Amino acid sequence: MQSTNRKLKMPNSLLARKAAIDQVRRWVDDAKRIVVLTGAGISTESGIPDFRGPQGVWTKNPAAEKTATLRHYVGDPDVRRLAWKNRIESEMWSAKPNAGHYALAELERRAALHLLVTQNVDGLHIAAGTSPDRIVEIHGTVHGAKCLDCGWHGPMEETLDRVRAGEEDPACLECGGMLKSATISFGENLVPEDLMRSQLAAAEADVFLAAGTTLTVYPAAGLPEIALNKGARLIIFTAQETPFDDWASAVRRDQLGDVLPALVELI
């Protein structure tokens, strides 16, 4: 990739910020295929902590990352018991969509949203009203459980009821195998169809919006590079610097619950 010279600097004065957002709005308005990639940053305003931010779950407790790493999960019963305990206590069960989620749902109705790819497993985009057929939950969903041995899938709530009843490490009722959430752990392959659909959409995009993601976790972080290489305009709305900032046409550090509604309202 070559660094673009067309980056739109986002100034601090209110008037200048409105003008900058209006420029982004024109790009979105003119687009024929918009692809959005969201990460943990969009759900922090719903009370779900991110992982790598200053107050992130893994930043504050690096050992907690083991529960999301397949080899530790499979090899250590204590890690599995902790994972199930954390799942019951997760903020995701009480979280509600925030203004950023609702704005992206409205974007589907007002503009040419082709696909929303989310690295989040909380289901809040669907809860906010984005059409399920326009979403790829590329890292899976916390609302499902699966067996690593026989491939059984079922609702997470049924398995959590067993944990609440005293099963610290519940086994599959079909085959006795190992259960885990239907999320993609480190060391676990993505669903090939989900990855292919996301990559094809990125290659077809003329505007690619990355919101609330550090763009460091691959393969999802490779999607903006695919879009850029095909000539798309990259827009980044996230609190932290990303490896793609120098190639973006616009970068904003505002709260997503502010900047996304401000953008969509202009369309």
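Colleague: Which residue stands opposite Leu209 in β7?
Modeller: Val36 stands opposite Leu209 in this model. The model is predicted, so local features need pLDDT of at least 70 and side-chain atom pairs count only at pLDDT 80 or more, while totals for chains, interfaces and linings use all residues. Residues are numbered from 1 along each chain as its sequence is written, and side-chain values use heavy atoms, without hydrogens or water.

Colleague: In which sense do strand β1 and β7 pair?
Modeller: β1 (residues 34-38) and β7 pair in the parallel sense, over 5 bridges. Strands are DSSP runs of E with at least two residues, numbered from the N terminus, and two of them pair if DSSP finds at least two bridges between them.

Colleague: And how many bridges join β7 and β8?
Modeller: There are 5 bridges, and the pairing with β8 (residues 233-237) is parallel. Within β8, Arg233 is the bridge partner of Val207.

Colleague: Why is β7 described as largely enclosed?
Modeller: Strand β7 (residues 207-211) is largely enclosed by the rest of the structure because 5 of its 5 residues are buried. Buried means under 20% relative accessible area (1.4 Å probe, protein chains only).

Colleague: Which residues cover each face?
Modeller: On one side of β7 lie Val207, Leu209 and Ala211, and on the other Phe208 and Ala210; all are buried.

Colleague: A new topic: which strand gives the most to the lining of the second largest pocket?
Modeller: β4 gives the most, with 4 residues. β4 (140-147) and β6 (179-183) each supply at least two residues of that lining.

How values were computed:
Buried means under 20% relative accessible area, exposed over 50%, partly exposed in between (1.4 Å probe, protein chains only).
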